[in-house]
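Work through the exercises below with the sequence and the 3D structure at hand, and try each task before reading its solution.

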Amino acid sequence: MNVVEVKNLCKNYGDFPALQDVDFSVRENEILGLLGPNGAGKTTTMRILTTFIPPTAGEVKVQGYDITKQPIEVRKITGYMPENPPLYDEMRVSKFLKFVGEIRGIPRKKLSSRLDYLAQVCGLEQVWNKYIAHISKGYRQRVGLASAILADPPILILDEPTIGLDPEQIRYTRELIKTLGENHSVLLSTHILHEAEITCDRVAIINEGKILAIGSPAELAEKIRKINAVRVKLSGPPNEVERSILQLDGVIRVIPQGANDTFTVEFEPKWKTHHKITELAHKNGWHILELTPIEASLEEVFLKIVSGKEETE
Amino acid sequence: MRAMFAILKKELSWFFSSPTTYIMLAVFLGIAGFLFYNIASYFAVQCAQIIQYKASYSMSPPPMNANQWVVIPFFSNLAIIALFIIPILTMRIYSAERNSGTAELLLTSPISTTQIIWGKLLANIIVYTLFIGTTLIFQIILHIYTNPGLDWGPVWSGYLGLLLLGIAAIPLGQFISSLTGNQIISAFITFALLLLLWIVNWSTLFASPTIAQILNYIGFSQHFLSFSKGIIDTQDIIYFITISIFGIFLIHRSLNLWRVTGE
Ligand SMILES: Nc1ncnc2c1ncn2[C@@H]1O[C@H](COP(=O)(O)OP(=O)(O)OP(=O)(O)O)[C@@H](O)[C@H]1O
Ligand SMILES: [Mg+2]
């Protein structure tokens, strides 16, 4: 079942189109990652989904509630952690979370036990009675996360939840999100590939306001394998090797590497170009010093998709 | 309701934990005290002259009355100080939320715009009431040191006037605060607006009678003056409440421009 349904979502800031026909959905109890470089439109998407800013066009439904028509209902079931956690510097951590609990309508009795639980789960015991102005960036991030999950809403929207944390905290936060993802539907944004790969069930790649690809990390990697690549090193003179490989059928491009005697050759799979390279070597009497297939990592998928090197169907 | 009280509590605890509030209160009481001292001294000098006058001409002196000579002018001065205080009380109320990004927290929480507005309005009105309430000390001093003391009726109606002035002016200040993330600009524009509303009827001298009437009606001062003289007129109460409702309406509009309303 789709918990969040986004259809043809557009957002213009003045004349600037920040989002163009964005379509995706978040399934129940999955972690969907919005992966994209700076300025891709991740924060804009999340602000619309959490009813902070209105969309210019398109439709968004959160558990069936339309974000522009029933925003209060949407707010009740979503927990949101903005990019820079909004905190009141003059409050103590404990007071701030209590305040959030009150405006979210958590019953008084439940609230205090929930606060104890969060202090422990989010690792806030150390700073519990400190003024927010005096806590470090990493702790601010944790307080932000705590305030998003405070009312235990079924849908969590987390904007770059691990930014500004130290490695230990990053690992811990990712684990926490994964645990939450077992019984929450999570939409998180990140510009770190590795994070998307290890935390998310599915990843939507977004750039310049458009969703370029969506699928599990494995599916996305599969997509890129439609272009095959091999690394080749032949004993012939590099110039000649490059020129003759380029003349083979199906070769898309040849990228010199190392001391310019090794090449990455990309080709369309149906041409079986790697066999042709073997034949080529034989014909010219060159030795094959290296001929290894290259597996695409999500990183390459991302870079290729974002830089428009691959056509997505 | 609970959310509104949460916001009210948050605002009040900010006011009471912030040194700005205490500095402001000290300055406010200092200026009020200075003005009170001057007005009361002038009254004392007048009384002394009357006694002399009475002694030399053995005639019955014109009646001297502390309400007339001290309380009424003191209230006019208090109203003007209030117009300085209100912009400082209201300047951060929305500007700060806008600036620090906490608006994102409030506006994506499942609470109505109305709850946010009332929490914030009540907070400002309570602090304002405490501020003007402290000046009661001067009235008590006057009561103790004059014979036969004060007529308290007009004093209470004067305070009612001050309270209504605040109830009318605070929403206007909060509306302006909701328009900008800059607190200084917010305070400055609010002050200019309130001052304009106070002095707008000065130009009645040069205006045609109908316009003069309108200006007198629009401005704060004529309505406030009745209260300070001890006249409680429903017309004046309606005037202040109308301005207040208008201000609240503007805040509503402004916040709904920030957020998705679903209306
Ligand atoms: N309020 C605004 N007014 C005008 N343009 C805006 C506004 N907010 C965002 N933009 C523009 O919209 C685009 C998308 O911004 P957005 O903040 O959604 O990106 P992002 O993917 O979250 O980037 P980052 O990784 O840097 O957080 C950017 O080009 C940005 O400059
Ligand atoms: Mg962002």
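This is a predicted model: local features need pLDDT of at least 70, side-chain atom pairs count only at pLDDT 80 or more; totals for chains, interfaces and linings use all residues.

Residues are numbered from 1 along each chain as its sequence is written, chains are lettered from A and ligands numbered from 1 in the order in which they are written, and side-chain values use heavy atoms, with hydrogens and water left out.

**Exercise 1.** Find out how many residues of helix α3 of chain A are buried, and what they pack against.

Step 1. Helices are DSSP runs of H or I with at least four residues, numbered from the N terminus, and buried means under 20% relative accessible area, with exposed over 50% and partly exposed in between (1.4 Å probe, protein chains only).

Step 2. Take A:G101 as one of the buried residues: its relative accessibility is 0%, and beyond its neighbours within four places in sequence it is in contact with A:I106, A:L111 and A:L150.

**Exercise 2.** Determine which residues coordinate the magnesium ion (ligand 2), and where in chain A they lie.

Step 1. Donors are N, O and S atoms within 2.8 Å of the metal (3.2 Å for Na, K and Ca), and sites may look incomplete since water is not among the atoms.

Step 2. The ion is coordinated by A:T43 through OG1 and by A:E83 through OE, at 1.9 to 2.5 Å.

Step 3. A:T43 lies in helix α1 (residues 42-49) and A:E83 in the loop between β6 (78-81) and α3 of chain A, so the pair ties together parts that are 40 residues apart in sequence.

Step 4. A:T43 is buried at 17% relative accessible area, whereas A:E83, at 29%, counts as partly exposed.

**Exercise 3.** Describe the interface of chain B and chain A, and name a salt bridge there.

Step 1. In this interface, 26 residues of chain B are in contact with 33 residues of chain A.

Step 2. A salt bridge is a side-chain nitrogen of Lys or Arg within 4 Å of a carboxyl oxygen of Asp or Glu, and the rule finds 2 across the interface.

Step 3. One joins the side chains of B:E104 and A:R47, at 3.2 Å from N to O.

Step 4. On the side of chain B that touches chain A, the largest share, 8 residues, comes from α1(B).

Note on methods. Helices (H or I, at least four residues) and strands (E, at least two) are DSSP runs, numbered from the N terminus. Contact means heavy atoms within 4.5 Å.
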